[in-house]
Amino acid sequence: MVSSTQQKLDELEMLQSIYPGQIDIDPEDQVNCLEHVDSLDCFPPLRFTVSFSSIELAVMLPGNYPASDSPQIRISSTRLSPQQDKEIIDKITSTLVCNKGDATILQVISEVSELLNDIASLVKADEDEMKTAVAKDEICCRMWYYAHHIYSREKRTNMLQWSKNLSLNGFILPGKPGIICIEGSKRSCKEFNSLVRAMNWQLLKLQHEEFKLSPPDIKFDSFKELIFDVHGRANTHQDLGQFREHLNGLGMHSIFEKLFHV
């Protein structure tokens, strides 16, 4: 009779052969399992992580896995949308429920890998479609937002990811006050607007819009955070004089006045 510990180690060995360099095993758990590999009354857990380009899975195989205990799996990602995260979690949950009592972790990891490939293909197709639309002179616009403050790392990370998914350029000026500028197709700007307004803000105003931009009007080739000298009691106020000079350097001399009504 093969012990549950041996089954865990066998499945882990198979994973390592399929995903070389992507598996990181808890060394203490590995030693415990090897010491009790033939035991029929001591079943130590086994923890490890599986890393993909856009997500990391933290896996814990309990003592009585696979006979009676199901694997515990947590996902960690900053590059997938909430909907994509949910899709992966639902897939993992469904597979575990349908295969309770069987050695399923290899199947789970394989299905997650396939799902990530499908998501990557869809994202690339969407990006190519948006770039093609812009190249065909689709109406381009630029939108300027004024926020009471932008501190949240989660908000900033989300906006950086959304801009990438939607092929938008521009910037975030974090701090108090905060400024967001997006530039790209009208359709993408509209979708970004819906996403950013769905977040919780003390104050967020669409302060200025520019439509039907021609190629010479395009000012940005990426989306990033702007960081200038900071001051204030908590170092949360960026130097708006430097920000103004930055805009002037881009030939956007009137924007500062429109943003701050000065």
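Helix H1 (residues 4-18) has 15 residues and spans 21 Å from its first C-alpha to its last, close to the 21 Å expected at 1.5 Å a residue (1.5 Å times one less than the number of residues). Helices (H or I, at least four residues) and strands (E, at least two) are DSSP runs, numbered from the N terminus. The model is predicted: local features need pLDDT of at least 70 and side-chain atom pairs count only at pLDDT 80 or more, while totals for chains, interfaces and linings use all residues. Residues are numbered from 1 along each chain as its sequence is written, and side-chain values use heavy atoms, leaving out hydrogens and water.

Within H1, Ser4, Thr5, Lys8, Leu9, Glu11, Leu12 and Leu15 are buried (under 20% relative accessible area with a 1.4 Å probe, protein chains only; exposed is over 50%). Down the axis of H1, these buried residues fall within an arc of 165°, so they line one face of the helix (the arc is that of the directions from the helix axis to the C-beta atoms). The face turned away carries the exposed residues Glu13 and Ser17.

Four strands form an open antiparallel sheet in the order E1-E2-E3-E4, pairing being assigned where DSSP finds at least two bridges. Strands E1 (23-25) and E4 (72-76) stand at the edges with a single partner strand each, so one side of each lacks a neighbour in the sheet. Three bridges join E1 to strand E2 (residues 46-51), and isoleucine 25 stands opposite phenylalanine 48 in E2.

Threonine 104 lies in the loop between helix H3 (82-98) and helix H4 (105-135). Threonine 104 is buried, at 2% relative accessible area.
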